[in-house]
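Q: Could you walk me through reading a few features of this model, one at a time? I'd like the general idea and then the case at hand.

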Amino acid sequence: MRAIPFALLRHAPTVWNGQGRLQGLTDTCLSPEGEAAARNWRLPPPAAGWKRVSSPLQRARRTAELVQPPTPVVLDSRLREMSFGIWEGFTVKELRATGGERFAAAEAAGLDFHPPGGESPRMAMMRLSQWSSTLTEPVVAVSHKAAIRALLALATGWNMLGRPPHKLDWKCAHFFVAQDEGRVAIERLNVPLEGAP
């Protein structure tokens with residue numbers, strides 16, 4: 001049975017993160033605080049010696065470049081954030097206030113939440129499943145919140161309705177195992193990035 005470990009971490013903060021805005025494929029950069037945070041992150045063993053891959057979006061790519069120890073970064077578009085389509089740049093509070101029943105129905109769709117012109121968590125989950133099925137060695141992947149939540153759904157069977165089965169700390173690394181046929185399993189979650197504040 002195939003069992004290849006990998007670690008996932010979310011990019012460091014951006015200005016939009018601080019404002020609670022949906023970023024999706026909008027290519028925002030790290031905030032000054034985000035740059036400082038990423039410089040202070042150190043991967044725990046054994047991930048410190050693994051190959052590093054990243055979403056091509058600059059906030060993830062820059063995080064992958066700054067996290068210690070330094071190593072070359074390979075970009076993979078399958079690690080990109082879920083697209084929020086026409087809702088990018090807005091906060092959930094704003095969308096609830098202006099979207100009415102249409103946005104409420106979208107939120108109630110769980111894995112099939114599908115922003116107009118965007119991507120559903122189920123679509124992101126299938127993309128990440130395909131990515132994990134191609135792994136041939138352990139890697140550290142720098143990705144995004146919605147993408148990592150989609151991978152958590154893949155690993156646990158969570159339908160994205162109600163609270164997630166595990167609370168993820170976005171300042172930590174999360175370890176999974178890639179298995180046969182694009183399946184993934186949790187190894188350990190919320191592993192501190194040594195040196196993280």
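Q: Where does glutamate 35 lie?
A: Happy to start there. This is a predicted model, and in it glutamate 35 is part of helix H2, which spans residues 32-40.

Q: Which residues does glutamate 35 touch, leaving aside those up to four places away in sequence?
A: The touching residues are Leu30, Arg62 and Leu66. With arginine 62 there is also a polar contact, side chain to side chain, at 3.1 Å. For a view of sequence against space, take threonine 63: 28 residues separate it from glutamate 35 in sequence, while their C-alpha atoms are 7.5 Å apart.

Q: How do I read the packing of two helices, say H5 and H6?
A: Start with the angle and the distance between the axes. Helix H5 (residues 121-133) packs against H6 at about 75°, and the axes are 8 Å apart. Angles from 65 to 115 degrees count as roughly perpendicular, so H5 and H6 are roughly perpendicular to each other.

Q: Which residues of H5 and H6 meet?
A: H5 brings Pro121, Ala124, Met125, Leu128 and Ser129, and H6 brings Ala147, Ala150, Leu151, Ala153 and Leu154. Sorted by class, this contact has 9 nonpolar residues, 1 polar residue and no charged residues.

Q: How should I go about reading a pocket?
A: The general idea is that a probe the size of a water molecule, rolled over the atoms, shows where empty space is left. Here the largest pocket holds about 730 Å³ of space. It has 26 lining residues, and the closest to the pocket centre are Leu22, Phe84, Val92, Lys145 and Arg149. Helix H4 (92-107) and helix H6 (145-156) are the elements that give two or more residues to this lining. By class, the lining has 11 nonpolar, 8 polar and 7 charged residues.

Q: What lines the second largest pocket?
A: That pocket has about 220 Å³ of space. Its lining consists of Lys145, Arg149, Leu152, Trp158, Arg163, Pro164, His166, Lys167, Leu168 and Trp170. The class count for this lining is 5 nonpolar, 1 polar and 4 charged residues.

How values were computed: Residues are numbered from 1 along each chain as its sequence is written. This is a predicted model: local features need pLDDT of at least 70, side-chain atom pairs count only at pLDDT 80 or more; totals for chains, interfaces and linings use all residues. Side-chain values use heavy atoms; hydrogens and water are left out. On a 1 Å grid over the protein atoms alone, a cavity is a set of points where a 1.4 Å probe fits but cannot get out, and a pocket is an open set with protein on both sides within 12 Å along at least five of seven lines; lining residues have an atom within 4 Å of a point. Grid points are joined across faces, edges and corners, and a volume is the space filled by probe spheres set on the points. Helices (H or I, at least four residues) and strands (E, at least two) are DSSP runs, numbered from the N terminus. Ala, Val, Leu, Ile, Met, Phe, Trp, Tyr, Cys and Pro count as nonpolar, Asp, Glu, Lys and Arg as charged, and the others, Gly among them, as polar. Axes are lines fitted to C-alpha atoms, for helices over the stretch in contact, and angles run from 0 to 180 degrees between N-to-C directions. Angles under 35 degrees count as roughly parallel, over 145 as roughly antiparallel, 65 to 115 as roughly perpendicular and the rest as oblique. Contact means heavy atoms within 4.5 Å. A polar contact is a pair of N or O atoms within 3.5 Å; within protein, one must be able to donate a hydrogen and the other to accept it, and residues adjacent in sequence count only if both atoms are side-chain atoms.
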